[in-house]
Amino acid sequence: MEALLLPENKLCFVYVLYVVVFMYFIVNVFIEAEHVCKEARCTVSSRQYAEEFKRQFELPGLHSGGAIMERAVVQVTLFGLLLVLASTLPNKDDWNIYSFHINSTVTSRYATTIITSRVANRMDDSKEIQFQVRIPKNAFISKFRMLIDGQVYDGVVKGKEKAQQQYTEAVSRGQSAGLVSSVGRTLEEFKTSVTVAAHKKVTFELTYEELLKRKLGKYELQIHARPMQPVKDFKIDVYINEKAGINFIEVKGGLSTKALANAITRTHEDKQARVYFYPTEDQQKTCDVCGEQGMNGDLVIAYDVNRDTSLGDIKTSAGYFVHHFAPSSLSRIPKNVVFVIDQSGSMAGRKMEQTRIALIHILNDLAEDDHFGLITFDSSIFHWKRELVQANKKNLESAKTFAQNIRDRGATDINAAVLEGSRMLNAHPREGSASIVILLTDGDPTSGETNLERIQSNVRRDIAEKFPLYCLGFGYDVNFEFLEKMSLQNNGVARRIYEDSDADLQLKGFYEEVATPLLTDVTMIYNGVTNLTQTNFSQYYNGSEIVVAGQITDNNIETFTPQVVAISKDRRVTFSDTNATVEYTGTDFDSHIQRVWAYLTVKQLLEKELVLSGAEKKKVKKEALELSLKYSFVTPLTSMVVTKPLGENTDVLHKPKEGETTQALPPLVGQRQLPRRKGSRAYSKSFRIPGGWPMLRYAKPMPAQPMPDGRLFPGFGSGLVGEPGMPGQPMPAVDLSLVVEERLKSPPTNRDQDDMVASSVPLTHRFLLKTENLSLPLCFDVTGDVRLKLLHHPNRELSVNGELDTVMNGGFRRIVIHLKTDLHVEVDTNVITVREGQTTTHHTGQDLITAGSLTVMRRDKEIDVAVGDIRMVIYIHEKDGVEFLWPVLRQQPLDNNVTGILALKPAVYEEVQQTPSTKLKIKDQEIDVTRANAVDYSIVSSLTLDCWLMSAESVLQRRLDDFIVTQL
């Protein structure tokens, strides 16, 4: 049967001839049966059989003559032809994943997961086979290999600098060299491919490791399954082995619901637990997160261990130890907490609303013996009260009223706000309590002190290690590295809050992690050890865990003695259970405990490297690199070179830091502040749409720029560079900003302003293309009455085009969405017009519009559009009393064949000259540029951004005509 899936001309002819002859024979058999039955010499069952055959193939009266007989033969023959032709059509997919296994082993909270995918090329030609999986961000990839025709190709981990040449060469070829990218809150995507000969097979095997972190009283192992098609042999096997004993285990996630729940088997016996997930092909198509392309969701195994001793769980092996410390049955410590909330203009809309909701929930959770303060800030500080007060009913009601009335406005003075929060805590010392500052912001400092290093220095000086600072970065625009460094410098952590419908739950969830302090000033003390991981912790919270690892000197267990000293409420406590045993594990654990130590050490060295500077920074970076190479961890300091058969391009795998872009699928990126022009009163924040989506801007007038031939043209730089990107390569999300700049060929006078709307001189529209790093974006101008191809998704038969305004206000006059051949949606500022077949409807209200697979909903000043995996928001802005449209692509389609101005690749350049004029180097060509600026309409409040202005061809590396359409 497999040959039927491999069509060849000769095979097709043979099968067709065979089926025709066979069906002709069957017809004659039943003619004879009918004849016999008419003479009453057949059984009842024979007559029924003949009648059923006639009914199925619509052959009435086989007994009624030669003409009917011939018609019946033709019908059956046609049926046979259709059957064979259907069988000989090539597979929808050129290759078949015939086995997909995920095996995860968790020992003492350390998980090692192996993903094995076996793929067959069912076609007659060589095919490029992809391997694409998602893994937890917290994990380190430690092994990758491919098996092709009995030959093993192992990935090799190298220092990032040594692998950089291969990386650069891959990028210059237009290939996807950065193979790991952020794809959500908790996952990164690994992607590679290899060419497989006809009828041959390939096996991919990826191994990653992670230390599970305890939050809210449980550990969670997240396994993401996305094989890209239903798989006949699909299995997830999880084995958990905890010497302390497993207290409970539960299975949740999208892959555990409805039909798939029956595919899960769970066993739990004291110290061991197993979870088996073996869904059938049909089950892989029918669950909540399933479809024709199979499953795309998470299986989450949550569990906790027994805690019999106050000192915790200590294991040693081959000269290494790991200590898990999470005492229970402790009294909670009253806390002093100051909430520092950003209310600048960029927090407008949903973010501000969700912040208010979360803050009110958090206030409700404060205990009566807690004390709290609440301040909001933009360019100024606003106090609910200037001092901390007790969380009694009266104060909480007053604070909730204050929270409900927080409104967005102004710029962002982070420095003054955090220092004020620190002052409030320092002015309120309370013995037997724990103090915390929680900062929530969505942008960079743009008012007051804006130098990031000076802000960090000021905060560190004022806090002086007396309490932790927790920084919550709201959205994709925030400079997360700045917040992370400031948190680490002050014994806290930074957390990104993702712009989504559950942002308020994310905020509340983080607070719950730190809501119940049980110990402060925790010191882990060990005798007879060396090379310890972190041993001092400012606070220990209920539901969390402290983990320390190290090396035992000379592997002498006799001299190894652990002890923990901390403060519980108003007294010092010591944990040194003399009855506790330090468990020595056998040879199976020899490498396991050592790898836990290496994992923890590398993680903490990377955090230190972020905080330190100078010689200390270099030393810590070197130590982290050496350990990463020794244990084959793919970290931000290392790369894995993916080796392939001779003649194929080598891929280089980089692991991104939080807030760092890669060349692969859409990342979640933090963006630094762009410099402000001196004397400008407009504040400037950098804003990033999820995954890198387009942002429309309104630009201020700029001088005309020289064309390459010496002529002046408004806003064009000189130079043409590069060729179009390689076809077929993945197109990462781009932070593409559309800027509309209203400019005449000569600067208008005051008198001209009144006549500008009526002017027939074409206006210039500016586009801004963000880079893959944190440098200034590039921008270029388009002049005239232009219609733009915004997005084209051929597989979905979807096109989105936009018509730019030719009047003073700028922006889009109309945006038109085409889906297949019979559905068209036109959006302007007043009405949404839907033409479906011969039916036309006009919508001006806020009702949900559903047409085929497309949904549209207007909410006040925004219009939400969803088509399958594509999500777009069209904002309605107003300037000088005139409204215009502005689109933002919120969710990029998974398909790599999407084109249009919204699907451009991020810019890569090097600044090679600053005087007498600025030059940028793009793909070995130097281009003269001019610094320009634009007003950002990607949010409700307008913000000024800077960019490097050059010609359209220099930025796009192709003709501008490729993005222009003649009709909407």
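Is K861 buried, partly exposed or exposed? At a relative accessibility of 36%, K861 counts as partly exposed, where buried means under 20% relative accessible area, exposed means over 50%, and partly exposed lies in between (1.4 Å probe, protein chains only).

The structure is a predicted model, in which local features need pLDDT of at least 70 and side-chain atom pairs count only at pLDDT 80 or more, whereas totals for chains, interfaces and linings use all residues. Residues are numbered from 1 along each chain as its sequence is written, and side-chain values use heavy atoms, with hydrogens and water left out.

K861 forms a salt bridge with E883, with the closest N and O atoms 2.5 Å apart. A salt bridge is defined here as a side-chain nitrogen of Lys or Arg within 4 Å of a carboxyl oxygen of Asp or Glu. This pair links distant parts of the chain, 22 residues apart: E883 belongs to strand β52 (residues 882-891), and K861 to the loop between β49 (854-859) and β50 (862-867). Helices (H or I, at least four residues) and strands (E, at least two) are DSSP runs numbered from the N terminus. E883 is partly exposed, at a relative accessible area of 25%.

By the rule above, the count of salt bridges is 41. Side chains of opposite charge can pair when their charged atoms come close. One of these bridges joins K508 and E512, at 2.7 Å from N to O. The two residues are separated by about one helical turn, because they lie four residues apart in helix α11 (residues 503-514). K508 is buried, at 19%, whereas E512 is partly exposed, at 31%. R145 and D154 form another salt bridge, their closest N and O atoms being 3.0 Å apart. R145 is partly exposed, with a relative accessible area of 27%, and D154 is also partly exposed, at 32%.

An open, antiparallel sheet consists of three strands in the order β6-β34-β35. Two strands pair if DSSP finds at least two bridges between them. The edge strands, β6 (156-159) and β35 (651-654), each pair on one side only. Neighbouring strands of the sheet are turned by 35° against each other on average, direction ignored. Axes are lines fitted to C-alpha atoms, for helices over the stretch in contact, and angles run from 0 to 180 degrees between N-to-C directions. Four antiparallel bridges connect β6 with β34 (residues 638-642), and G159 stands opposite T638 in β34. Helix α13 (residues 614-630) packs on this sheet and touches β6 and β34, its direction making about 170° with that of β6; contact means heavy atoms within 4.5 Å.
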